[in-house]
Amino acid sequence: MNKFNRAFTGLFLGSIVGLCFGAFVAFAVSSCGHKVSPYAADSLLTGKDSTLYGVAGECGMSTFCLVVDSGEPIYVTRDNEAGQYGDILGELNEGDSFSLSTRDNGEVLVRAINLTGLSRFPITYRIFNGHFVLDNHVATIDKFDKDSLVVVYSDGSRVGFAAKK
């Protein structure tokens, strides 16, 4: 084998190894998103439900108020110390039923879901530990307004629903 063939073969094999390594890195990076694997989602559905339930009270620009069944108002801030806002899913109407999940000793809103708004859609769901569960699978609410609801499952599949007429 002459010098040219050895150099070409080394370059070719180096390129193949480089491409394989690059593909592996791309796969590893794309797998590191905020996706929840089906197995991890199952683990979210065990244990005691920590979700709070009640109706929305008078809310301010930086606070959310949930009046629980006992009549006690619970006030939480909408953002944490890092300035990240929690999710309020659906319209924020005083008197609507909501589920609420918190963090930082119950002081910061993680997720509030308008249950009154969800009743407009032809679905059977539950809320567990602040997570939206549809068809026994944890799903993320991607869009939620008075006319439509779009959820995304952990495998990336999207399902849309129209409000009942």
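**Strands, sulfurs and charges**

Author: Let's start with a pair of strands. β1 and β2 (residues 63-68) are antiparallel partners, joined by three bridges. Keep in mind that this is a predicted model.

Reader: Which residue in β2 is the bridge partner of Ala56?

Author: Leu66 is the one across from Ala56. As for the link between the strands, a hairpin takes β1 to β2 through six residues.

Reader: Which other strand does β1 pair with over four bridges?

Author: That's β5 (residues 97-103), again in the antiparallel sense, with β1 covering residues 52-56. For a landmark, find Gly54, which stands opposite Phe98 in β5.

Reader: Let me zoom out. How many helices and strands does the protein chain have?

Author: Three helices and 11 strands. Reading from the N terminus, the order is α-α-β-β-β-β-β-β-α-β-β-β-β-β.

Reader: What is the strand order in the open sheet of five strands?

Author: To read a sheet, follow which strand pairs with which. Here the order is β7-β8-β9-β10-β11, with antiparallel pairing. β7 (125-128) and β11 (158-162) are the edge strands, each pairing on one side only. From one strand to the next, the twist averages 40 degrees.

Reader: Let's walk across it. How many bridges link β7 and β8?

Author: Four, in the antiparallel sense, with β8 spanning residues 131-134. Tyr125 faces Leu134 in β8. The two strands make a hairpin with two residues between them, and Asn129 in that turn has a positive phi of about 50 degrees.

Reader: And which residue has a positive phi in the turn between β8 and β9?

Author: Asp135, at about 55 degrees; this hairpin also has two residues between its strands. β8 and β9 are antiparallel, with three bridges. Phe132 has Ala139 in β9 as its bridge partner.

Reader: What about the other end, where β10 and β11 pair?

Author: β10 (residues 148-153) pairs with β11 over five bridges, in the antiparallel sense.

Reader: On to the cysteines. How many disulfides turn up in a search of the whole structure?

Author: The thing to check is the distance between sulfurs, and the search finds zero disulfides. Cys59 is in none, and the nearest cysteine sulfur, belonging to Cys65, is 6.0 Å away.

Reader: Is Cys65 buried or exposed?

Author: Cys65 is buried, with a relative accessible area of 2%. Cys59, by contrast, counts as partly exposed at 24% relative accessibility. The line between those two classes falls at 20%.

Reader: Now the charges. How many salt bridges does the structure hold?

Author: Two. For each, look at the gap between a side-chain nitrogen and a carboxyl oxygen, with 4 Å as the limit. One links Arg158 and Asp142, whose closest N and O atoms are 2.6 Å apart. Arg158 sits in β11 and Asp142 in β9 (residues 137-144), so this pair ties together parts that are 16 residues apart in sequence.

Reader: How accessible are Arg158 and Asp142?

Author: Arg158 counts as exposed, at 53% relative accessibility, and Asp142 as partly exposed, at 45%.

Reader: Which side chains meet in the salt bridge at 3.9 Å?

Author: Those of Lys143 and Asp145, with the distance taken from N to O. Lys143 has 40% relative accessibility and counts as partly exposed. Asp145 is partly exposed too, at 26%.

Reader: Last stop, the whole chain. What share of the 165 residues is buried?

Author: Buried residues make up 30% of them.

Note on methods: Residues are numbered from 1 along each chain as its sequence is written. This is a predicted model: local features need pLDDT of at least 70, side-chain atom pairs count only at pLDDT 80 or more; totals for chains, interfaces and linings use all residues. Side-chain values use heavy atoms; hydrogens and water are left out. Two strands pair if DSSP finds at least two bridges between them. Axes are lines fitted to C-alpha atoms, for helices over the stretch in contact, and angles run from 0 to 180 degrees between N-to-C directions. A disulfide is a pair of cysteine sulfur atoms within 2.5 Å. Buried means under 20% relative accessible area, exposed over 50%, partly exposed in between (1.4 Å probe, protein chains only).
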